Amino acid sequence: MTNDFSLVARNLECIRGTRALFTDLTFSVQSKQMLLLEGRNGSGKTSLLRMLCGIRLPDAGSVKWCGEDIFKLGAEYREYFCYVGHKDAIKQDLTPYENLRIAQVLGNSRFDRSIDEALEQFGLYGYEDLLTRNLSAGQQRRLSLARLVVTDSPLWLLDEPFTSLDRDGIKIVQDVMAGHIETGGMIILTTHHKVDLEGPGLQRIDLSQCISDR
């Protein structure tokens with residue numbers, strides 16, 4: 001990954017019902033940076049990630065990818081990010097291999113990384129021909145996250161990526177994330193788990209504190 005990318009959010013506001021979850025939220029993430037979104041339940045972490053994906057319109061403010069509004073870019077913007085949400089976006093009636101193959105077809109395939117290599121990296125080699133429904137919850141989470149390394153997306157948007165993972169699974173994902181940042185990628189994530197995410201490119205925002213006085 002050689003290009004320099006940027007995601008800039010300015011004066012974002014999120015309203016749920018009559019309540020403001022956050023207001024006047026401004027931040028930027030560049031290549032080789034990670035942003036950890038923190039805050040109590042209901043502070044708007046998932047809503048913010050959905051805004052950054054272009055799934056949810058902000059109630060105020062803007063999100064720009066390399067200087068262009070993401071909602072104007074539309075489908076072009078979706079080529080640059082990979083989103084892993086609370087629910088594992090995998091097909092239960094397909095095998096792990098087939099799920100990753102679909103991810104490659106729908107995304108920008110990485111030609112330097114085979115599906116077999118991705119399965120091995122996430123501890124799923126040997127399970128590639130089982131139906132996904134027969135995998136444990138932790139294995140299904142690993143499979144969902146393995147989509148990250150078979151597509152060439154500079155921006156990863158991860159909502160609670162460590163859910164259902166054991167200690168080994170958490171270590172695998174941390175190493176994958178560190179490698180992505182080192183090679184010029186960008187990550188924005190939420191997590192309630194205490195994990196080792198320190199580094200010079202790490203930023204933190206506590207959404208519980210992002211309420212204006214007005």
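Hi everyone. Let me start inside the protein: the residues lining the largest cavity divide into seven nonpolar, no polar and no charged. Before I go on, please keep in mind that this is a predicted model.

So which residues line that largest cavity? They are F122, L145, L148, W156, V173, V176 and M177. If you have the structure open, look at the helices. Both α6, residues 137-150, and α7 supply at least two residues each to this lining. The largest share comes from α7, with three residues. As for volume, the largest cavity comes to about 30 Å³. And how many cavities of 30 Å³ or more does a search of the whole structure find? The search finds one.

Now let's turn to the pockets. The largest pocket has a volume of about 500 Å³. Its lining is made up of 18 residues, and those nearest the centre of the pocket are C82, A103, L106, G107 and R147.

Which elements build the pocket, then? Three of them, α3 (75-78), β6 (81-84) and α4 (96-106), each give at least two residues to the lining of the largest pocket. It is α4 that gives the largest share, four residues.

For the last part, some backbone geometry. As background, most residues other than glycine have a negative phi.

N11 is not a glycine, and yet its phi is positive, about 50°. Where does N11 sit? You will find N11 in strand β1, which covers residues 6-16. With a relative accessibility of 44%, N11 counts as partly exposed.

Then there is E160, which also has a positive phi of about 50° without being a glycine. E160 belongs to the loop that runs between β7 (155-159) and α7 (167-182). Is E160 buried or exposed? With a relative accessible area of 6%, E160 is buried, because the cut-off for buried is under 20%.

Conventions
Residues are numbered from 1 along each chain as its sequence is written. This is a predicted model: local features need pLDDT of at least 70, side-chain atom pairs count only at pLDDT 80 or more; totals for chains, interfaces and linings use all residues. Side-chain values use heavy atoms; hydrogens and water are left out. Buried means under 20% relative accessible area, exposed over 50%, partly exposed in between (1.4 Å probe, protein chains only). On a 1 Å grid over the protein atoms alone, a cavity is a set of points where a 1.4 Å probe fits but cannot get out, and a pocket is an open set with protein on both sides within 12 Å along at least five of seven lines; lining residues have an atom within 4 Å of a point. Grid points are joined across faces, edges and corners, and a volume is the space filled by probe spheres set on the points. Ala, Val, Leu, Ile, Met, Phe, Trp, Tyr, Cys and Pro count as nonpolar, Asp, Glu, Lys and Arg as charged, and the others, Gly among them, as polar.
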